[in-house]
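Hi everyone, thanks for coming along. Please have a look at the structure on the screen, and I'll walk you through a few parts of it.

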Amino acid sequence: MSSAVDQSSTARSTTVFHQQFGITDRLIERCLAAALERGGDFAELFFESTASNGIGVDEGIVKSASQSHSMGCGVRVLSGERTGYSYTDELTEEKLLHAARTAALIAHSVATAGVQGLRAAPSHDLYPAVTTDVEIAQKLQLVQRADRAARAYDPRIVQVRASFSDEVRHILVVASDGTYASDVQPLSRFSVGVIAKDPAADGGKGASASGTSGGGGRRDFSWYTTERTPEHYAQEAARQAILQLTAQPAPAGEMPVVLGPGWPGVLIHEAVGHGLEADFNRKKQSAFAGLMGQRVGTDKVTVADNGTMPNRRGSLNVDDEGVPTANNVLIEKGMLCRYMSDKLSAKMMGTRSTGSGRRESYASIPMPRMTNTYMLPGEDDPADILRSVQNGIYAVNFSGGSVDITNGKFVFAANEAYLIEDGKVTAPVKGVMLIGDGATALTRVSMVGHDLALDEGVGTCGKKGQGVPVCVGAPTLKLDHMTVGGTGR
């Protein structure tokens, strides 16, 4: 066993795990030793303490208010590709050692690696240290303002739901490869959902439509009172719903599609990003497996996953394996140049972690995940992109979709889209479904705008049952043709 962590480390002196839970360097050493006592290449302790709050109103009435605190430690032991994982929600010496020995039992091996000298990992400073200690009355006023603003937008808004949540997550990662990293991660989110009804619409048959909006990131309460107010989100949700009341059925068939800037980047995240996660590629489960260094898109296409953007929802000073996040260019001018990797995949593929190891909580195994994923801007004027289309679809917002990682095939539903006729954006349409596969779609990108935008900060990425906060983005971009599923002509 090596000596305790380098005394130059400043991270450890600030972490709550030492100060509030009595997690000493001596106890950490004992746990790592116990985790490797049956062999193994690598052992890791992931401590987490998260304080969360939430409040929601429906029809102007408070329907939920919560305050919770979770804490625990996950212990992972790797032996080749075999993973032993155990966790405890009690940070006592007895429970931690029991978890370490359980993980060791699962991953037992004849190979034994020692514990390297622990050293503080370099880190970023991407978000401020904030607190959730804001009076609940202030948070209630926030969501009530959203309720009033949405109803004031149009009398056809008949139902409003609004919520605000925030949390502060402390993590400490210590591993036998010498990793010693801590971080304090704030996260907040404001959400508004509305329903609009018009009994006179559709020739007197009546129509209803919904709209959603929201945003957030690694920001404190003041962001919602100064930068992105409840009125901003409420009016956007109401606008979407009222627009849909007059939308006509979308046409179907092959046609040019222009994606608007911002949230449509979710298509890049789902159809391309997941396929570039290293675990899917080393197991040959991705449509991009074996294509490193090869052309996968037009020279207009450059895609990055950047975990170093200040205050963004997907940003992290260090990932959940204690590795500093990075700006990883995945596809550059159409050429595949990098997969997103955690420590395990990096070891198996003979590369280095890209700072992409993430997990939902201490009860979960880390794996390669995205942070803030977007297509980089091009040089085209967005107006020129629209003018280049005679008949097509302009999709500016999506409500959901699904992707098969093995072949990249996707189906996305647009909840705000318009016809493009003779180079002009005309009538709103509903029921737009974009159908295709990620790899083919990249070969059909012919124009990329200079107007890169990131989403407001609402995304949560699901993978193997784990959800983590992410951000997506894109500039205006044109795909020469895609399959559009609709019910109109």
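I'll talk about aromatic rings, then charges over rings, and then some paired strands.

First, this is a predicted model, where local features need pLDDT of at least 70, side-chain atom pairs count only at pLDDT 80 or more, and totals for chains, interfaces and linings use all residues. Residues are numbered from 1 along each chain as its sequence is written, and side-chain values use heavy atoms, with hydrogens and water left out.

So, the rings. Rings of Phe, Tyr and Trp (its six-membered ring) pair if their centres lie within 6.5 Å; planes under 30 degrees apart are stacked, over 60 edge-to-face, and the rest tilted. That rule gives eleven aromatic pairs. One of them is F164 with F190, a tilted pair at 6.4 Å centre to centre and 50 degrees between the planes. This pair links distant parts of the chain, with F164 in strand β5 and F190 in strand β6, 26 residues apart. Helices (H or I, at least four residues) and strands (E, at least two) are DSSP runs, numbered from the N terminus.

Buried here means under 20% relative accessible area, exposed over 50%, and partly exposed in between, using a 1.4 Å probe and protein chains only.

F190 also pairs with Y233: their centres are 5.7 Å apart and their planes at 20 degrees, so this pair is stacked. Y233 lies in helix α7, 43 residues from F190, and Y233 is buried too, at 0%. Ring pairs join F164, F190, F221, Y224 and Y233 into a cluster.

Next, charges. A charge sits over a ring if NZ of Lys or CZ of Arg is within 6 Å of the ring centre and within 35 degrees of the ring normal. R218 has its charged end over the ring of Y127, 5.6 Å from the centre, and R359 does this over F46 at 4.0 Å.

Finally, strands, which pair if DSSP finds at least two bridges between them. Strands β16 and β17 run antiparallel, joined by twelve bridges, and F398 stands opposite A414 in β17. They form a hairpin with four residues between them, and G408 in the turn has a positive phi of about 75 degrees. Six bridges join β17 to β19, also antiparallel, where F412 stands opposite L434.
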